[in-house]
Each structure stands twice: as structure tokens, then as C-alpha cells.
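Biologist: Please put the model on the screen. I would like to go through it by question and answer.

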Amino acid sequence: MTPDQLRNSFVGYMKRIGASQVPSASLLPENDPSTLFTGSGMQPMVPYLLGEKHPIGNEITDVQKCLRTVDIEEVGDMSHLTFFEMIGRWEFRANADDYKKKQIDAIWDWQVNELGIDPHRLYISAFKGSEKLNIERDTEVVRLWSEKFKSVGSNRDIYNTALFLNAKQKLVELSGKEYTYDLKSFRIILDHVRAAAFLINDGAEPANSDAGYITRRLLRRAIRAGRKIGIQGSFVAKLAEVYIDEATAYEDLIANKKNVLEIINKEEKLFHKTLQQGEIEIRKHLKSKGKVTGADAFYFYETYGFPLELTEELLYESGYIMEEKESYAEAAKKHAQMSRTAAAGKFKGGLADQSTETTALHTVAHLLLAGLRHVLGDHVIQKGSNITAERLRFDFNHDEKLTTAQLSEVEKFVNDAISSKAIVSFSEMPKAEAKENGISGNFWDKYPDIVKVYTIRDAEGKVWSREVCGGPHVENTECLGKFRIIKEQSSSAGVRRIKAVIENLP
């Protein structure tokens, strides 16, 4: 069974028993800057689980792309992954008396009777409760599953499943080595290349900060693992192509295949140049200092991406050994602590709390997009956003740096809209109709069949903005204060970034 057949089997079954399908949300959360990535199938569903009406009904199904990097260093065993997909059946406003039984019956029937899986090879999980939150163990779920299962099976290597079958064979071909030659390196490559391909497609191109930093780290870690199994030339795009070709369920990924592979090729070539530069710098260091310590090695890794094992290899070839090797781990630990502190501060607040400040800035983001399209042209689309209680960060496609005059014109457009005391309203309509009417939208392939369209219109009938969205908004622009752009810069190739604030918020 191929990955696409597995996805289609699940969605098809759930649709047959009454669910409506919604597409996967992006790996980069649009309205939740409290986290870099979508890390669970539940995350995009939180507004509806909290009571907001879903546009297409109360019973839906989806296959959600997810990415978690907390265990990135554990990838290489038989179970850890960074990128994975979560299948879901969701019943909003459900009957509390029977919804758990309905869910368990459906999942059991699909796995056992549709897929033909031996029940003895399945595992279940149940909420164990929390004394701190005063929430009891979910004994009802345990009872219901216990009625289904009589025993469970043994551990399996996830990389031996259909999700990795063809990619693994391609990697064997590229390396000339069997999977068992170096299990950890093979698994790192198989996981990281797949994750990077999906991240790039969702807008997280390799970069030195934010989500793009994770993409770059995944790719470079995969390349280094490739060297360990004897691959010297470029190979990542060839492997990524296998994953893309097996993911026809993601129409946007198939359509963007050429661009994704070009970005991967470019990053791989850049990293090879980086390794060459790192080798030059290490030799310079040796010439001037006469030694390389563990702390020095970490500096070469962090600055040039030069791996510890390659530094040791270079030293050995030059007749040296690494001194104070334990200082590498100390430097790495210090760096990790600093990174965690920075990340915690960076993503404090945000749309997740739907505060007055973030709701106002989210509404302003609509006006900013409209202003950019008004000044620069209709080619402008949103490429990403990050909103905290303090500021708005907005990415959009444009090839040139904005002039001071253009930025002033965009600012004026937004502030004129705010001053007009425009009303913010929304309506629901078919996605096809919204697209045909020229309504702004960021990710058409990811929207459900019925979408929410927010319109910002003043008393004279002027429409300042009309856009597909699902986040919280103010009711009238008069409560937005004064909009000011504080910075405009490059985000990545062909993508610009604006940072802005609202002053004098009522």
C-alpha cells in the first residue's frame, strides 16, 4: 500500500460514514505565533473545539501535516520522526454520551476490517489524567478500547513501512549501501529530507532564523549523514522527488515540485561551499593557534556547519588531535540554553490568546496586504505572518526593496482605512466562488470547500479589504489606533518582510 493509497483509504472511509473532508493546514501556523510549526492534528481545530462554528459542518475528517523538532537528535532510531501526518475524525458539538464509542468503532473498523491489520499489532493510548489540573484518567476510553483489544503487538521499525519503502530503496541506490549498513544515518536522511520538502513547500525556505533555520538544519544534517554512508555528491533533491511523487494527496506540493527541488539543490550546493570554507578556516586556526579545542570545534560547527566528526578527521589527517574535547559539549549546552531562552521570549503572546492587541494587529494585517497590493500590484500575496501583542511581522512576495515613498504610501492606505471607521464583517461562501470573485487568499489548495470571507467596508461603501481568513478581528477599524511600519527587509529570495506596530491603541 502506497502513502497516497493509505491517505485516500482513511479519508474515503470516513466520508462514507458521514464526515466531510477538509485539507491539511500549513506546517506554518497562520494565526498562532506561539509556535513555529503545526505540531498536531488538533492544533488547527482548536477554534472549533472551543465552540466556533466550522464552515462545512460538525463532522469532518482530515490528514494533517505535522512537524516536531523537540526530539530531532533522537531521529535515527526506529521510531522517532520530525515530520509526520496525523489522521483525524472530528465531531464538533458532539453528544457526550456516545461520541467516544462512535470514534473508537470507526477507527477500529477502518484499521481492522478495511486495512486488514492484525489487532494484535496495534497500540492504543489514553489520557492518564493530571493531578495538577484536577483532571481524572479517561477510564471510559480505556474500557472501550479494552473491549476491542485482547493483546498488543511488538515494536516495529517505522522506516520499514510503506511511507519510506521507495525512498529507502532510492537511498540504497544512491549510496551503494544497504539499509542495515548504518541504520541511524539512513533514518536521519529518510526523515529529514521528507520533512524539509514539506516545510519548503509551506514557505519555510532555508534561512538563518525562525522556521527556515529548522529547514536548513534538517537538510544539512541529512547531507552530513549522507557523507557517513559514502555519498559525496548532491543527492537530496533526488530523494525528495520520491516523496513528492508519492504525495499526490497534496496538490500544492505536486504543483510546486520544481520550485521545491530547485531550492533543495541550491541549499545543498551552498552547504558544500560552506564545508569547503569551514575547512579553510580550521586550517587557518591551526596555523595561528597550533591546536583546536572542543569549544573551537563547536564554533566551526555553529558558524560554518562543519561537523565535529569532520573536524576530527581533518585534524587526524594533519597530524593533530582535538584538545579539551569535553568543551564541545559544554559549548553546545550553553548554546542550546540561549536558544531556548530566545525562543521562549520571541513567541510570548500572540493570536493564540486572542487578546485585544493581537486581534487588532491581525485585522491590520488584512489592511496591510490590501495596501501592498494597491501600491505594488495584484501580484502581491501573503507568504507568512507572525503576530504578537507587541508587533506584526508580515511576509509577502516582491522582488525589490520597497522605497521610502512606497512604504509611506502603504502606511497612508492603512491609516486612511482605519480613519474611515470601516465595519468588519464576514460571510461564508464556496471556495470556488470566492476565488472567481478575486477575493484575496493565501493558500487556496488548503482551504475547505466553504470559506469565511472577511470584508472591511466604510459607510460610503468603499471596500478596503476582502480576504479569506479564520482568525479573530475587530468589529470597527476606529479602535485600531495609528499604524506605523518600523522595518522592511528581505526574508528570502523573492520574499520581503515588514515589521509594524499600532500606536495609540484605544
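Modeller: Contact here means heavy atoms within 4.5 Å. Keep in mind that this is a predicted model.

Biologist: Leaving aside its neighbours within four places in sequence, which residues is K482 in contact with?

Modeller: K482 is found in strand β9, residues 482-492. Neighbours within four places in sequence are left aside. The contacts of K482 are then N415, V501, I502 and E503.

Biologist: Is K482 buried, partly exposed or exposed?

Modeller: Buried means under 20% relative accessible area and exposed means over 50%, with partly exposed in between. The relative accessibility of K482 is 46%, so K482 counts as partly exposed.

Biologist: What distance separates the C-alpha atoms of K482 and I135?

Modeller: Along the chain, K482 and I135 are 347 residues apart.

Biologist: Where does L50 lie, and is L50 buried or exposed?

Modeller: L50 lies in the loop between α2 (46-49) and β2 (59-67). Exposed means over 50% relative accessible area. L50 has 72%, so the term for L50 is exposed.

Biologist: How much accessible area does the nonpolar patch with L50 have?

Modeller: The patch is on the surface, and M42, V46 and L49 form it with L50. Together the four residues have an accessible area of about 390 Å².

Biologist: What is the bridge partner of E59 in β3?

Modeller: β2 and β3 pair in the antiparallel sense over nine bridges. In β3, the partner of E59 is E91.

Biologist: Why do the buried residues of helix α4 line one face?

Modeller: Helix α4 covers residues 139-148, and its buried residues are V141, L144 and W145. An α-helix has 3.6 residues a turn, so residues three or four places apart point the same way. Seen down the axis of α4, the buried residues line one face because they fall within an arc of 95°.

Biologist: Which residues are exposed on the other side of α4, and which helix is included in what covers the buried residues?

Modeller: On the other side of α4, the exposed residues are T139 and E147. The cover over the buried residues of α4 includes α3 (99-114).

Biologist: How many residues of strand β5 are buried, and which way do they point?

Modeller: In a regular strand the side chains alternate between the two faces of the sheet. L392, F394 and F396 point one way from β5, and R393, D395 and N397 point the other way. β5 (residues 392-397) is largely enclosed by the rest of the structure, because the number of its residues that are buried is six of the six.

Biologist: Which residues stand opposite R393 in β4 and β10?

Modeller: β4 (residues 382-387) runs antiparallel to β5, and five bridges join them. β5 also pairs with β10 (residues 495-503) in the antiparallel sense, over six bridges. Opposite R393 stands N386, and in β10 the bridge partner of R393 is K499.

Biologist: Which residue takes a positive phi in the hairpin of β7 and β8?

Modeller: β7 (residues 450-457) and β8 (residues 463-468) run antiparallel and are joined by five bridges. V453 stands opposite V468 in β8. The hairpin has five residues between the strands, and the one with a positive phi near 95° is G461.

Key. Residues numbered from 1 in each chain as written. Predicted model: local features only at pLDDT ≥ 70, side-chain atom pairs only at ≥ 80, totals over all residues. Heavy atoms only, no water. Patch = residues over 30% accessible without salt bridge, like charges linked within 9 Å, V, L, I, M, F, W, Y side chains within 5 Å. Areas by Shrake-Rupley, 256 points an atom, 1.4 Å probe, with all protein chains shown as cover. Salt bridge = Lys/Arg side-chain N within 4 Å of Asp/Glu carboxyl O. Helix = DSSP H or I, 4+ residues; strand = E, 2+ residues; numbered from the N terminus. Buried < 20%, exposed > 50% of the residue type's maximum accessible area, 1.4 Å probe, protein only. Pairing = 2+ DSSP bridges. Arc of directions from axis to C-beta.
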